[in-house]
Amino acid sequence: MNITETPPIGPSFERARTGLGKDALKRAFFDNLFYIQGKFPALATQHDYYMALAYMVRDRLLQRWVSTATKYTEQKSRTVAYLSAEFLMGPHLGNNLINLGIYDEVQEAIEELGLDLETLLRQEEEPGLGNGGLGRLAACFLDSLATLELPSLGYGIRYEFGIFKQEIVNGWQVEKTDKWLRSGNPWEVPRPEWAVDVMLGGHTEKYLDEFDRLRTRWVPEKIVNGIPYDTPIMGYRNNTANTLRLWSAEAPESFDFAVFNRGDYYGAVDQKVRSENLSKVLYPNDEQIQGKQLRLEQQFFFVSCSLQDMLRIMKVQDIPLEKFHEKFTVQLNDTHPAIAVPELMRLLLDDHGLSWDQAWSITQRTFAYTNHTLLPEALERWPIDMFNRLLPRHLEIIYEINAHFLDEVRLRFLGDDNRVTRMSLIDESDVRYIRMAHLACVGSYAINGVAGLHSELLKSDVLRDFYELWPEKFSNKTNGVTPRRFVKLSNPGLSNLITDVIGDKWPKELDQLKQLEPYAGDKAFGEKWRDVKLANKQAFATFAKERTGITINPSSMFDIQVKRIHEYKRQHLNIFYVIALYHHLKNNRHLDMQPRTFIFGGKAAPGYHIAKLMIKLITSVGDMVNRDRSIRDLIKVVYLPNFNVSNGHLVYPAAELSEQISTAGKEASGTGNMKFCMNGALTIGTLDGANIEIRNAVGAENFFLFGMTAEEVYALRNKGYNPMDYYQNNSELKGVIELVRAGFFSRGDGEMFRPLIDGLLHQDQYMVLADFKAYLDCQAQVDKAYADKEHWTHMSILNTARSGPFSSDRTIGEYSNEIWNLDSVPIRLLNQDEVNVSIPQ
């Protein structure tokens, strides 16, 4: 059969909307092409075929979605509401095919129609609704919540424009608009009937209610509508489909005819434009006060929408308001949604008439807070003046919360005024600020870090005062990633090899990978392992050639660092090693080394000049190294533009060495390190974040460790760190810096990289120079190890075999059992006739 023929309808025909057999899938595909896309094969584009396929899959999701919502509503299931400013979901189609268990069937059906599934998968616009690890973690968690059959609602913002698309022009990052919605989004369902009003600005006033109680009324300057768009999140091979609910901002009135009739067209649409700015773009550049204000408005917008939506669900399910914390536990994904604490108080106090004590009791038993950073600048603070202009009622509530809280601190730590100052929700040191991390701690019943070291540093440093006050609130929940997307979908060759020897249960029970350990010494299995890796490297080499024009050798070691560009992640340490290696090759043409391809990827924040300069240095070194024939292609440098989840599907399976080289004590956890490990890459890294747990799990002998520990970093900093000492006493380091400083990689322009070099020589906040020698020595060990292919394969197999603890299923199980107190709710698939309650939560 080809695309011009339609499948017959016979006695065995399954329902086109729900059937999983090949004939039913083909029938649904043609129905959607005709009835939804309005096309027939002679006129259809590849995008039309993708949309028809996506709607076919969505129909099968909807049956599970409605079945899930029906059960949750009937049972009034306790639910975790996961509040996150970012959800970096990645493409939906492939992941949904995997989770529904129909990938192979669909591939076969599509091929029989003369189409190519891979081509259709590439048609999907990736929703770039996150900057990196934070948003991708949230997406992994939603996948695991559904897989573990745990009731959940993800709440965030439906940004019209996601994180920018990155282009590299003359070696520099250039940001382009991410128009991910331009061709439509088949996965979402708009729910305008559940729209809510969000107030901003204005003032407050006191009044007496009908019972002569003194109350506060917020009189806003403007009101914005929040419109929910729902996306089903399918569990792996079960019937659970939970909901991701993203809010879009709209004006209550899109067009002011009175203003228009006075001849002012722009004024007539001004309210629409200003309102919709709230959900226009992911995380505006907040260097300017307007950017900071918009970011705060965004955070409040989605938090208020979400809490009002939870109250609506309470009403639908006829649950008393006093049991809000029993119906919902609300997880704050970092400090961005911390404004939820005073907003829930406002809703309970002002809209529902509860007393302060009642409202505070509910609030403190509702929220749990995950801290994701050790960097002081990432712990959000808002200037009091700006906050008061936007959220005057919330400032009053925060002042009241702070007064009660500081009384508790004074009683507990009598006479310790310095502690009171440190713990206050208000920073009085200079310009007055609200400390959002402090607000989250005070308003939550649980606080957790995301890796062992990170959680210990929270307790001993960043949140030490709060730990000493409430030690029972603190715990660790080491991050994890979903193996469904990052192994089974991304790496089918490896997945099939694993399934052949240990069965097919491992994507849901990742600890079963331990059964691979005996195969680490099996030469025949090792050959198959290397064949899979080589095929993945060849696929990436083809992709890299298309994207960058650079030809790379698939037989070379693929040494990869892909992550957000930031000084603490130390991409400049990596490129300094490349320069040192290049210098060695130029001075010794017969140097014995393993060919290596250095692959970089990641985006720099638009306003972060030093990070952008790091990208320029990497690309400039690549330009020089890649065209120098005298080094015999022993090293190549590739900067992969616009790294995202889709690109990660090719990157992680191809990697052999994973660069996790942040300054010890700066990375909260990291999750890219886990994705590389699952796919058999070896790690070179510091004792930072989850690197520590990875090294403990895979074995110290299967991990390349270098650099100072967090304790040594703090000790050196306290002692007085002088980076010039390292520059003067290490000839290799000095040679690298002098090559950059002399303009060797910038066509003689000695000024181009001066800000980067001067920062390292005179400050070096992240101790690049201090760790340089240890890094080079460790890289020499890597080179030696790679020369022994069988032993490298042995280590690679053990990395995958021992990666079970890094499944997000394990992480979510710990959250559920130790913080959220959720019960799993198995879902029976309903037929349309059985559904009594058909609206998902």
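**Salt bridges, pair by pair**

Guide: Searching the whole structure turns up 50 salt bridges. What counts here is a side-chain nitrogen of Lys or Arg within 4 Å of a carboxyl oxygen of Asp or Glu. The background is simple: side chains of opposite charge can pair when their charged atoms come close. Bear in mind that this is a predicted model, so local features need pLDDT of at least 70 and side-chain atom pairs count only at pLDDT 80 or more, while totals for chains, interfaces and linings use all residues. Residues are numbered from 1 along each chain as its sequence is written, and side-chain values use heavy atoms, with hydrogens and water left out.

Let's start with Asp 178 and Lys 165, whose side chains meet at 3.8 Å, N to O. Asp 178 sits in the loop between strand S4 (172-176) and strand S5 (189-190), and Lys 165 belongs to strand S3 (residues 165-169), so this bridge ties together parts 13 residues apart in sequence. Helices (H or I, at least four residues) and strands (E, at least two) are DSSP runs, by the way, numbered from the N terminus. Asp 178 is buried, with a relative accessible area of 3%, whereas Lys 165 is partly exposed at 28%. The cut-offs, with a 1.4 Å probe and protein chains only: buried is under 20% relative accessible area, exposed is over 50%, and partly exposed is in between.

Strand S4 comes up again in the next pair. Glu 175 and Lys 612 join their side chains in a salt bridge of 2.8 Å, N to O. This one links distant parts of the chain, with Glu 175 in strand S4 and Lys 612 in helix H24, 437 residues apart. Glu 175 is partly exposed at 29% relative accessibility, but Lys 612 counts as buried at 15%.

Asp 309 and Arg 245 form a salt bridge of 2.6 Å, N to O. Since Asp 309 lies in helix H10 (residues 289-316) and Arg 245 in strand S10 (residues 241-250), the bridge ties together parts 64 residues apart in sequence. Asp 309 is buried at 1% relative accessibility, and Arg 245 is buried at 0%.

Salt bridges can also share partners: Asp 416, Arg 419, Arg 422, Arg 464, Asp 465 and Glu 468 are joined into one network that way.
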